[in-house]
Amino acid sequence: MMIHDDEDLLPYWLRYHSAIIGVENIVILDQKSKSEKTQITLHTWNEIKKLKVLWNQGPYSAKGNLTYNAFQRYLGDIDIALPLDSDEFLVAFNGSQPVFSRNAIVDELRHFWLNQTACWAFQQYYSSLQLSLDDSLKSVRYFHPAIYTVQNAKKMIRWENLKALDHGSHTPTVSNGGCVTALNHLGLLHYHFRNPLTTVERALNDVLGFGYLPSNVTLATLKDYRSKLDELMKRGVDGNHKIQQLLKYLDKGLPGLLHTNPVHSLLDLFTIDDIVHKIETDSGLVKGKERSSQL
C-alpha cells in the first residue's frame with residue numbers, strides 16, 4: 001500500500017490486515033508523508049513489529065510501478081498480489097453480508113489460487129454516507145451492502161501472472177488472459193466517503209502528487225487554478241475524480257462534498273472500531289468484548 005498522510009486510517013488498516021495475513025506480508029510505500037502522526041505510526045510499526053516500510057517513495061504518478069517493484073523486491077516468493085489503498089479493508093462475504101473471519105478470507109484466497117485464474121476483481125462496498133460537516137472517521141458506519149451497486153474496479157493477481165500494475169490497480173497487465181469478475185466471495189469495505197474537509201485535503205494531496213498543480217498550492221490558493229482544473233477534467237487524466245472533488249469545493253464550499261443516502265433501520269451497521277475489533281477477536285488477538293488500544 002502507498003500512503004501519504006492518511007493518518008486517521010493508517011493505524012486501523014495496519015491492525016486489521018496484520019491480523020489477517022501477518023505483518024510480514026505487508027509492505028508500506030510512504031509517499032513523503034509530512035504529518036507527525038503518520039510518521040510516528042510508521043516508525044513504531046517498523047521498529048517494533050518489523051513492518052516493511054519504503055520511505056520517501058515517488059512520484060505519485062509512478063504508483064503502479066513502485067507498487068510492483070515493492071512486491072518483487074520485498075515479499076520474496078509470494079503467491080498473490082493484493083494492491084490496496086488505506087481506505088480499503090479486505091473482507092469475506094456470505095451472500096451480501098460481510099464476514100469478519102480470518103479463516104473465511106484465507107479460504108477465499110486459497111480458492112482463488114487453486115482456480116488457476118490470473119486475476120480476479122474484488123467486490124467493493126462503500127461506506128455509508130449520512131455524514132455531517134464535522135463527522136469523524138469513527139462515526140462513519142457501513143450499510144448492509146445488499147442495497148448498493150457493487151463496484152469491481154480493484155483487482156487481486158496471481159504473482160506469477162502479473163506483468164505490470166496501473167496507478168489504481170484497476171487494469172493490471174497479466175499473462176494468461178484478463179481479469180474475471182465476482183467468482184469469489186472476497187470484497188473490500190471502502191471508507192471512500194469521509195467528512196468534507198478530510199475529503200478535499202486528500203483530493204488536493206493526490207492532485208499535487210500527480211504534479212498537475214504547483215507543489216505550493218493550498219486550499220486557500222486553489223481558486224487561482226480553476227482554469228487548470230477545468231482543463232485537466234476535460235482531458236480525463238488519472239485521478240480525475242479527485243479533480244472533480246476540488247471543483248465541487250470551489251463551487252459550493254465544504255457542503256458541496258457532503259454525500260448522503262437514507263439509512264435503513266433494520267440493516268447491520270459497522271464502525272471502523274467494530275470491524276477491527278471483530279477481526280482481532282476472530283484472530284485471537286483480543287478476547288470477548290475487550291477493545292485493543294494498539295493504535
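Student: Let's start with the cysteines. How many disulfides does a search of the whole structure find?

Tutor: Here is the general idea: a disulfide is a covalent bond between the sulfur atoms of two cysteines. In this predicted model, a search of the whole structure turns up one. The bond links cysteine 119 with cysteine 179, with an S to S distance of 2.0 Å. The link between cysteine 119 and cysteine 179 is right-handed, with 85° about the S-S bond.

Student: Now the strands. In what order do the three strands of the open sheet come?

Tutor: The order is β1-β2-β3, with parallel pairing. At the edges stand β1 (2–3) and β3 (52–54); each has a single partner strand, so one side of each has no neighbour in the sheet. Strand β2 (residues 27–30) runs parallel to β1, and two bridges join them. To find one of these on screen, look at methionine 2, whose bridge partner in β2 is leucine 29.

Student: How should I read the two faces of a strand?

Tutor: In a regular strand the side chains alternate between the two faces of the sheet. Take strand β13 (residues 186–190), where five of the five residues are buried. Leu186, Leu188 and His190 lie on one side, Gly187 and Leu189 on the other, and both faces are covered.

Student: Which strand pairs with β13 over five bridges?

Tutor: That is strand β5 (residues 88–94), and the pairing is antiparallel. Phenylalanine 89, for instance, has leucine 189 of β13 as its bridge partner.

Student: Next, empty space. How do I look for that?

Tutor: Rolling a probe the size of a water molecule over the atoms shows where empty space is left. In this model, the second largest pocket holds about 630 Å³ of space. It is lined by 27 residues, and those closest to its centre are Ile21, Asn25, Ile80, Leu82 and Leu109.

Student: Which elements each supply at least two residues of that pocket's lining?

Tutor: They are α1 (10–21), β2, α3 (63–74), β4 (80–81) and α4 (102–115). The largest share, five residues, comes from α4. By class, the lining of this second largest pocket has 20 nonpolar, three polar and four charged residues.

Student: How many cavities of 30 Å³ or more are there?

Tutor: The count comes to three. The largest cavity has a volume of about 70 Å³. Its lining has 13 residues, and Lys63, Thr67, Pro83, Leu84 and Ser169 are the closest to its centre. Sorted by class, the lining of the largest cavity has four nonpolar, five polar and four charged residues.

Student: One last residue, then. Where does asparagine 195 lie?

Tutor: Asparagine 195 is in the loop between β13 and α5 (196–209). Asparagine 195 counts as buried because its relative accessibility is 14%, and the cut-off for buried is under 20%. Its side chain reaches the backbone nitrogen of leucine 197 at 3.1 Å.

Notes: Residues are numbered from 1 along each chain as its sequence is written. This is a predicted model: local features need pLDDT of at least 70, side-chain atom pairs count only at pLDDT 80 or more; totals for chains, interfaces and linings use all residues. Side-chain values use heavy atoms; hydrogens and water are left out. A disulfide is a pair of cysteine sulfur atoms within 2.5 Å. Two strands pair if DSSP finds at least two bridges between them. Helices (H or I, at least four residues) and strands (E, at least two) are DSSP runs, numbered from the N terminus. On a 1 Å grid over the protein atoms alone, a cavity is a set of points where a 1.4 Å probe fits but cannot get out, and a pocket is an open set with protein on both sides within 12 Å along at least five of seven lines; lining residues have an atom within 4 Å of a point. Grid points are joined across faces, edges and corners, and a volume is the space filled by probe spheres set on the points. Ala, Val, Leu, Ile, Met, Phe, Trp, Tyr, Cys and Pro count as nonpolar, Asp, Glu, Lys and Arg as charged, and the others, Gly among them, as polar. Buried means under 20% relative accessible area, exposed over 50%, partly exposed in between (1.4 Å probe, protein chains only). A polar contact is a pair of N or O atoms within 3.5 Å; within protein, one must be able to donate a hydrogen and the other to accept it, and residues adjacent in sequence count only if both atoms are side-chain atoms.
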